[in-house]
Amino acid sequence: MELEIAMTKLNIGLLAAIPMLALAGACASTDGPVRFDEASVTSDSRFAEYEKVYIADVTYDASIAARDSGLASARFGATERPVRERDLEAKADDLERVLKREIGKTKQIVRAPGDGVLTVSATITDLAANQPTMADISQQPSLSQDSVYTGKSTVSITLSENGRTLATLSESYQGDLNDNVGRPGIWQDADRGFYFTANKIARYIS
């Protein structure tokens, strides 16, 4: 009888431990090596040794604004949609702020590049909103502003010191309509992508 009680307690303890083990495994996976969609790194790069980081002005690919609108299939991410220059400039500023915030948690952000300073240069190469933008509406005035799409962002990053390229990285984020509760913000998925990319960069060089 005592043996049966002891075995029962043991089984209950093991069952209770399973969720904790699963949680620990999940946490460990987020702390593993940082991987990007695309990466080219020089063999002598030791990013953790840099204490100072310069964040260059974030740029964007002008071809995004020059794209033709294709809203019929944009809901499913199959068509690249244009973005007006004003929105591109605003999102570039947003990404720069997020980079400074995330990297600044572990590094000193400085105002100029130089010896011993790691320069982070980011370029937005793709961007899509969750709602119709002015660029969409200007090409299709009858478009309903209640339309909802999957947003996305792609960012190319160059890490360098005094003009010497140390790494080129690229990271994309594609939204999913199932992830959104209610009506998403106009740049919700793009902003998520900016955060995930900036956080990856911060962890990668720390």
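1. A definition is required at the outset: a charge sits over a ring if NZ of Lys or CZ of Arg is within 6 Å of the ring centre and within 35 degrees of the ring normal. In this predicted model, the charged end of lysine 200 sits over the ring of phenylalanine 36, at 5.7 Å from the ring centre.

2. Phenylalanine 36 also belongs to an aromatic cluster, in which ring pairs link Phe36, Phe47 and Tyr204. The structure as a whole holds 4 aromatic pairs. One of them joins phenylalanine 47 to tyrosine 204 in a tilted arrangement, with 5.5 Å centre to centre and 40° between the planes. Phenylalanine 47 is located in the loop between strand 1 (38-41) and strand 2 (52-55), and tyrosine 204 in helix 4 (residues 188-205), so this pair ties together parts that are 157 residues apart in sequence. With a relative accessibility of 6%, phenylalanine 47 counts as buried, while tyrosine 204 is partly exposed at a relative accessible area of 22%.

3. Tyrosine 173 and phenylalanine 196 form a further aromatic pair, which is tilted, with 5.5 Å centre to centre and 40° between the planes. Tyrosine 173 lies in strand 7 (residues 164-174) and phenylalanine 196 in helix 4, so the pair ties together parts that are 23 residues apart in sequence. Tyrosine 173 counts as buried because its relative accessibility is 17%, under the 20% limit. Phenylalanine 196, with a relative accessible area of 42%, is partly exposed.

4. The overall organisation may be stated briefly. The protein chain comprises 4 helices and 7 strands, and from the N terminus on its elements run α-β-β-β-α-β-β-α-β-β-α. Of its 206 residues, 40% count as buried. The chain exposes about 11,800 Å², and carbon and sulfur atoms supply 53% of that area. Among contacts between residues at least 6 apart in sequence, 76% join residues at least 24 apart.

5. Which residues does tyrosine 60 contact, leaving aside its neighbours within four places in sequence? They are Glu85, Leu88, Glu89, Ala92, Thr123 and Ile124. With glutamate 85 there is a polar contact between the two side chains, at 2.6 Å. Tyrosine 60 itself is placed in strand 3 (residues 59-60) and counts as partly exposed because its relative accessibility is 22%.

6. Aspartate 87 is found in helix 2 (residues 85-103). Is this residue buried or exposed? At 14% relative accessibility, aspartate 87 counts as buried. Beyond its neighbours within four places in sequence, aspartate 87 is in contact with Thr133 and Trp187.

7. Methionine 134 belongs to helix 3 (residues 134-139). Its relative accessible area is 46%, so methionine 134 is partly exposed. Methionine 134 and proline 82 are separated by 52 residues in sequence and by 9.4 Å in space, C-alpha to C-alpha.

Definitions and conventions: Residues are numbered from 1 along each chain as its sequence is written. This is a predicted model: local features need pLDDT of at least 70, side-chain atom pairs count only at pLDDT 80 or more; totals for chains, interfaces and linings use all residues. Side-chain values use heavy atoms; hydrogens and water are left out. Helices (H or I, at least four residues) and strands (E, at least two) are DSSP runs, numbered from the N terminus. Buried means under 20% relative accessible area, exposed over 50%, partly exposed in between (1.4 Å probe, protein chains only). Contact means heavy atoms within 4.5 Å. A polar contact is a pair of N or O atoms within 3.5 Å; within protein, one must be able to donate a hydrogen and the other to accept it, and residues adjacent in sequence count only if both atoms are side-chain atoms. Accessible areas come from the Shrake-Rupley method with a 1.4 Å probe; for residues, only the protein chains shown count as cover. Rings of Phe, Tyr and Trp (its six-membered ring) pair if their centres lie within 6.5 Å; planes under 30 degrees apart count as stacked, over 60 as edge-to-face and the rest as tilted.
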